[in-house]
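Please have your viewer open as you read.

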Amino acid sequence: RLVAGILEPDSGHIRIDGHELVGGGVVARRQLGYVPDSSELLPELLVSEFCALVATLKQAEPPSAALFEMLGVTPFLSQRLTTLSFGQRKRAGFAAALIGSPWLLILDEPTNGLDPAGARMVIDLIEDRRQKGRATVLATNDEPLAAQLASALAGRLYKLAEGRLVA
């Protein structure tokens, strides 16, 4: 939550791609995408309106039709978030998080609520970002997913044990 900019640190600094997150304006936030475990989005907005709002806040271009298609969001762009299933809201959250092609993407339980095709989409997305030199931080309790990602992507796998990261 600190790195996502939801909570402010008591001390120290958070920089994303060299830009100060707290007090740094929109520059660092443009470089950040966050997909929370919950899907508490603005329920009365259409998916397209929600993404347009996020693009405006990030001062970035709205998502492309290709991104919506890749994420499987196209069929429900004109639906209200409140009418969507948990998995569909999660996909809409991905679309919003990827606005502006952020350097850092933070994923909290990204496959929670997704079908197998959605889980595969997450893996493909992380691989695509890795190939483009972009960072992705994933927090999950899904050990098979974490092991699969670490193995397939030659990534680093850490476990949180008693408040410490353990390789």
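In what order do the three strands of the open sheet stand? The order is β3-β4-β5, and the pairing is parallel.

## Ground rules

This is a predicted model, where local features need pLDDT of at least 70 and side-chain atom pairs count only at pLDDT 80 or more, while totals for chains, interfaces and linings use all residues. Residues are numbered from 1 along each chain as its sequence is written, and side-chain values use heavy atoms, with hydrogens and water left out.

## The sheet

Helices (H or I, at least four residues) and strands (E, at least two) are DSSP runs numbered from the N terminus, and two strands pair if DSSP finds at least two bridges between them. At the edges of the sheet you will find β3 (32-35) and β5 (135-139), each pairing on one side only. Neighbouring strands are turned by 10° against each other on average, direction ignored; axes here are lines fitted to C-alpha atoms, for helices over the stretch in contact, with angles from 0 to 180 degrees between N-to-C directions.

Four parallel bridges join β3 to β4 (residues 104-108). Along this pair, Leu-32 stands opposite Leu-104 and Gly-33 opposite Leu-105.

Glu-109 lies in the loop between β4 and α5 (116-131). What is the nearest side chain of opposite charge to Glu-109? Lys-90, 7.4 Å away; Glu-109 is buried yet has no salt bridge, which would need a side-chain nitrogen of Lys or Arg within 4 Å of a carboxyl oxygen of Asp or Glu. For charge, Lys and Arg count as positive and Asp and Glu as negative, with His and the chain ends not counted.

The side chain of Glu-109 does make a polar contact with that of Thr-140, at 3.1 Å; such a contact is a pair of N or O atoms within 3.5 Å, and within protein one must be able to donate a hydrogen and the other to accept it, while residues adjacent in sequence count only if both atoms are side-chain atoms.

Thr-111 is placed in this loop too and is buried, with a relative accessible area of 14%. Leaving aside neighbours within four places in sequence, Thr-111 is in contact with Ala-119, Val-122, Asp-142 and Leu-145, contact meaning heavy atoms within 4.5 Å.

Note on methods: Buried means under 20% relative accessible area, exposed over 50%, partly exposed in between (1.4 Å probe, protein chains only).
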